[in-house]
Amino acid sequence: MPNSQPFLSILFPAHNEELRLPDSLLKADDFIKKQSYPCELIIIENASVDATLSIAQTFARAHDYVRVIHEELPGKGRAVQKGMLQAKGTYRFICDVDLSMPIEEIAHFLPPERGDFDIAIASREARGAVRYDEPFYRHVVGRVFNSLVRILTLPELNDTQCGFKCFTAEAAETLFPKMTIYGWTFDVEILAIARQMKLRTIEVPIPWYYQPHSKIHVMHDSVHMALDLLLIRRNLRRGVYSR
Ligand SMILES: Nc1nc2c(ncn2[C@@H]2O[C@H](COP(=O)(O)OP(=O)(O)OP(=O)(O)O)[C@@H](O)[C@H]2O)c(=O)[nH]1
Ligand SMILES: [Mg+2]
């Protein structure tokens, strides 16, 4: 499998994930073994202070389709950028380690079920999506943030923050070198660049299960993320991404 060109690259961005990573790796392994096409799994770890990196490395030694990337500087965006640009798959799938979307749902993002897209993003808002166990305050914060996203950058998208997104190889290689935001708001920036470049983004409804041990600090990160939106809007207007 590692010698053939992967059809699917699954990217696990992992930061201080020693609690969730072992189980998610087993689920990914089970999923990958069932597929008829070649897959690779890339774990991108940065700035962890727990056993995440060694768990990833141990798993990679036992599974030849797994690669581990370690990066010193923090940020989910930075990790995803590294993974997207080092991946080899025809389709490259960001997959949060919490697996709040069951991994089997990946099939709904790929041919033969879907084909004509550059980016397919999981949505908790599209018709047919269901949220389970989400605390009320997290829902409200998420919807307020999405209102800002729609007003400032992406009027058509109702959920940019779900951690499950599929890029074609061409879209990934076009968009990720242009990234300037390395934290939580990277999704909005990448989708906004895609919109400006007239790439096609589609929304895929998913079942989504709220998971404990979130890495988001709601108060602190929300302020940062709102400021990032203003920065993205300014960059769009100044043509920063077209250079
Ligand atoms: N490599 C890397 N991964 C990160 C970083 N920050 C978050 N992640 C990963 O991003 C994914 C999403 O983190 P979560 O804590 O589930 O955050 P979320 O899904 O946005 O928020 P919830 O809705 O609370 O689950 C997980 O796989 C994290 O390990 C980072 O700085 N580096
Ligand atoms: Mg999550």
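This is a predicted model: local features need pLDDT of at least 70, side-chain atom pairs count only at pLDDT 80 or more; totals for chains, interfaces and linings use all residues.
Alanine 47, which belongs to the loop between β2 and α2 (52–62), has a phi near 60 degrees, a positive value in a residue other than glycine; with 15 other C-beta atoms within 10 Å, alanine 47 is partly exposed. Lysine 198, placed in the loop between α6 and β8 and just after α6, likewise is not a glycine and yet has a positive phi of about 65 degrees. The count of C-beta neighbours inside 10 Å is 7 for lysine 198, which therefore counts as exposed. As background to these features, most residues other than glycine have a negative phi, and most peptide bonds are trans.

The chain as a whole contains 7 helices and 9 strands. Its radius of gyration is 17 Å, close to the 18 Å given by the globule rule for 243 residues, so the chain is as compact as a globular protein of that length. The C-alpha trace spans about 45 × 40 × 35 Å along its principal axes, and 39% of the 243 residues are buried. When contacts between residues at least 6 apart in sequence are considered, 83% of them join residues at least 24 apart.

Within this arrangement, helix α6 (residues 186–196) is mostly covered, with 9 of its 11 residues buried. These buried residues comprise Phe186, Asp187, Val188, Glu189, Ile190, Leu191, Ala192, Ile193 and Ala194, and they pack against α3, β5 (119–123), α4, α5 (169–175), β8 (201–205) and α7. Helix α3 is also mostly covered, 8 of its 11 residues being buried, among them Lys76, Arg78, Gln81 and Met84.

Two of the helices against which α6 packs, α4 and α7, also pack on each other: α4 (residues 136–152) and α7 (residues 218–238) meet at an angle of about 10 degrees, with their axes 10 Å apart, and are therefore roughly parallel to each other. On the α4 side the contact is made by Val141, Phe145, Leu148, Val149 and Leu152, while α7 contributes Val218, Ser222, Met225, Ala226, Leu229, Leu230 and Arg233. Classified by residue type, the contact of α4 with α7 consists of 10 nonpolar, 1 polar and 1 charged residues.

Strand β1 includes isoleucine 10, which counts as buried because it has 26 C-beta neighbours inside 10 Å. Apart from its neighbours within four places in sequence, isoleucine 10 is in contact with Ala28, Cys39, Leu41, Phe93 and Cys95. The C-alpha atom of isoleucine 10 is separated by 9.1 Å from that of glycine 83, although the two residues are 73 apart along the chain; glycine 83 is itself one of the buried residues of α3.

Both β1 (8–14) and α3 (76–86), together with β2 (39–46), supply at least two residues each to the shell around ligand 1. The contribution of β2 is the greatest, at 3 residues. Of the 21 residues around ligand 1, those that come nearest are His15, Ala79, Val97, Ser214 and Lys215, and Ala79 is also listed among the buried residues of α3. By class, the shell around ligand 1 divides into 8 nonpolar, 7 polar and 6 charged residues.

Notes: Residues are numbered from 1 along each chain as its sequence is written. Chains are lettered from A and ligands numbered from 1 in the order in which they are written. A residue is near a molecule or strand if its C-beta atom, placed from the backbone, lies within 6 Å of it. Helices (H or I, at least four residues) and strands (E, at least two) are DSSP runs, numbered from the N terminus. Ala, Val, Leu, Ile, Met, Phe, Trp, Tyr, Cys and Pro count as nonpolar, Asp, Glu, Lys and Arg as charged, and the others, Gly among them, as polar. The radius of gyration is taken over C-alpha atoms; the globule rule is 2.2 Å times the number of residues to the power 0.38. A residue is buried if 20 or more other C-beta atoms lie within 10 Å of its own, exposed if 12 or fewer, and partly exposed in between; C-beta atoms are placed from the backbone. Two residues are in contact if their C-beta atoms, placed from the backbone, lie within 7 Å. Axes are lines fitted to C-alpha atoms, for helices over the stretch in contact, and angles run from 0 to 180 degrees between N-to-C directions. Angles under 35 degrees count as roughly parallel, over 145 as roughly antiparallel, 65 to 115 as roughly perpendicular and the rest as oblique.
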